[in-house]
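Student: Could we go through this model together, starting with the sheet and then moving on to the charged side chains?

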Amino acid sequence: MIIAHTQKAFLIMGIALIAASFMATPALAGTKYLAGSPNLTISISGTNEFTPGETVGLDVRIQNDGLNQMKMVQSGIVEQDDLPSTAKMVTATLQSGDAPVLIKSDAQMIGDVKGSENAIASFQIRIKDDAKAGMYDLPITIRYTHLAHAEQQGTDSVTYRYQEQMKSLILPLSMKSAINTDIIKVTPEEIHAGGSGYVTLRLKNTGSDVGEKAVAEIIRSGNSPVVPVDGMVYLGTFAPGAEMDAKFKVSVSLDAEPQQY
């Protein structure tokens, strides 16, 4: 009898502990966001100053400053897969506007950009040779979708409603002052191996800016037997469209072969 009574006491205590463990476990709480939306801004990653005549990679940073402004946490709420501040399926399209550039890249797919995060859209652009110095605006169109409303059905499913958005932004671009020089004509004297003579270059400023105190310089090309003796010529003011002659003295090594250098 004593043994049977002891076993019954342990059985009752075990049941009580199991019941207490169920009572101590709280119901899991879910989160529902009641307000919030993406807020996208753009900037150039790196320098925004470029030179006429060059082809460059332009990296545009897309920053999402959107916030989830209000949320509700309670039991029975199904967790949302998306947040209202996330910009989803972001696409960036760069246009030239009135800037002297050629856009060589199509629209760039960025993907999702969460609130307080950023992503990079990379474009290839060509700066026109006759671009004038100054500030220019490059328009960018950003397209994306975001979670506008989430409605819960029952205790295990949620219906999402998304909205498509388009945002037009401006990217400031600075153009450096520059001149572009083309060689119009080369007139060499008859120079023999082991001798020296002169080479005259007809130069033209095909850029849009004036070169002040311009100097023309030639240098030896690798191991070429043609070596400049007087490698610099002062030109002075070099206006757009102007042509100027630069005369250089060169020497030719004794073992030079008769060919074009």
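Predicted model: local features only at pLDDT ≥ 70, side-chain atom pairs only at ≥ 80, totals over all residues.

Student: In what order do the four strands of the open sheet come?

Tutor: The order is S12-S13-S17-S15, with antiparallel pairing; strands are DSSP runs of E of at least two residues, numbered from the N terminus, and two of them pair if DSSP finds at least two bridges between them.

Student: Which strands stand at the edges?

Tutor: Strand S12 (181–188) and strand S15 (226–230) do, each having a single partner strand, so one side of each is left without a neighbour in the sheet.

Student: How many bridges join S12 to S13?

Tutor: Seven bridges join S12 to S13, which spans residues 196–205 and runs antiparallel to S12, and the bridge partner of Lys185 in S13 is Arg202.

Student: Switching to charges, how many salt bridges are there?

Tutor: The count comes to four, where a salt bridge is a side-chain nitrogen of Lys or Arg within 4 Å of a carboxyl oxygen of Asp or Glu.

Student: What does Arg202 pair with?

Tutor: Arg202 forms a salt bridge with Glu243, with the closest N and O atoms 3.3 Å apart. Arg202 lies in strand S13 and Glu243 in strand S17 (residues 243–252), so the pair ties together parts that are 41 residues apart in sequence. Salt bridges that share partners join Arg202, Glu243 and Asp245 into one network.

Student: And is Lys88 buried or exposed?

Tutor: Lys88 is buried, with a relative accessible area of 15%, whereas its salt-bridge partner Asp112 is partly exposed at 44%; buried means under 20% relative accessible area, exposed over 50%, and partly exposed in between, using a 1.4 Å probe and protein chains only. The closest N and O atoms of Asp112 and Lys88 are 3.0 Å apart.

Student: Which ring does the charged end of Lys247 sit over?

Tutor: The charged end of Lys247 sits over the ring of Tyr198, 4.9 Å from its centre; the rule asks for NZ of Lys or CZ of Arg within 6 Å of the ring centre and within 35 degrees of the ring normal.

Note on methods
Residues numbered from 1 in each chain as written. Heavy atoms only, no water.
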